[in-house]
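Here is a short briefing for a first look. Please keep the model open while reading.

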Amino acid sequence: MDELQEKGKVFLQDMQLNMSVLQEKWNQAKEILTHIHLQEKAHGLSEGQLVCRELSPGQFKGPVQYAAWKEMKSILSPGLSLITLDPTTAHPNLVLSTDLTSVRHSDTKQLLPITPERFESSIAVLGAEGFSTGKHYWEVEVEKKTKWTLGVVKGSINRKKRRPLSPAEGYWVIMLRNGHELKVLDVPTKGLLLQAGITKVGVYLDYEGGQVSFYEAHAMSHIYTFRDTFTETLYPYFCPGLNEAGENSHPLQVFSTKT
């Protein structure tokens, strides 16, 4: 009984500590909301609408809940549901893991059925699930890779011929080349200054909000946001890039969660 009582005391102390941390986070959130409402009233804006030309929507109109989760995961420890890759769309030179969560390029071309779904020009594969509503977030590990292309695409993109990877063609993607050249394939194409090596990229899709945003996933620092109107099903897009004699042989590893 003494041993059980002692364990009970330790357990209760842990719970009280966790509750204190959660309460502090909640108080911080309330302070932020109060500040936002005061700013709205001061500028004569309707509730829930905060406008500032100097602030990028991808920095503040994005996966705030995931940033909070990252700070609190040591307490809450939620699991991640996985976006799986669709092998019927994979280019014949791509090798997918058995659990369909990672993809790498191989110099050996596989003998696979040529179907309308399969990429034949781009070295790419799509996520198995498409999105036509809601908000979705997933992360892709890109550590030790010298090139990759990530984002979302329309289900109707041409998978047999090379087309410009632009929003007009149904692509909302960013790419890395030469290990340090980060590019946004918007119109016109934008080159971004890569302050440090990105090891994991977060991709956030708000379908009704018309937003595709990219983040450095560890710190949730904003990289770029596309704004558009979506009218058909969108799919996660993964291109690990060519193997390049082993210099870019590491796979893209996909992690995800969804709201």
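Glu208 sits in the loop that links strand 9 (200-206) to strand 10 (211-216); strands are DSSP runs of E with at least two residues, numbered from the N terminus. The model is predicted: local features need pLDDT of at least 70, side-chain atom pairs count only at pLDDT 80 or more, and totals for chains, interfaces and linings use all residues. Residues are numbered from 1 along each chain as its sequence is written, and side-chain values use heavy atoms, with hydrogens and water left out.

**Around Glu208**
- Glu208 is exposed, with a relative accessible area of 54% (exposed means over 50%, buried under 20%, partly exposed in between; 1.4 Å probe, protein chains only).
- Setting aside neighbours within four places in sequence, Glu208 is in contact (heavy atoms within 4.5 Å) with Thr133 and Gly134.

**Nonpolar cores**
- A nonpolar core is a set of buried Ala, Val, Leu, Ile, Met, Phe, Trp, Tyr and Cys residues joined through side-chain atoms within 4.5 Å.
- The largest one has 46 residues, and Trp138, Trp148, Tyr237 and Phe238 have the most contacts inside it.
- Strand 6 (residues 171-177) gives the most to this core, with six residues.
- A second, separate core has five residues, including Tyr137 and Tyr215.
- Beyond neighbours within four places in sequence, Trp148 is in contact with residues including Ile174, Leu176 and Cys239.

Note on methods
Helices (H or I, at least four residues) and strands (E, at least two) are DSSP runs, numbered from the N terminus.
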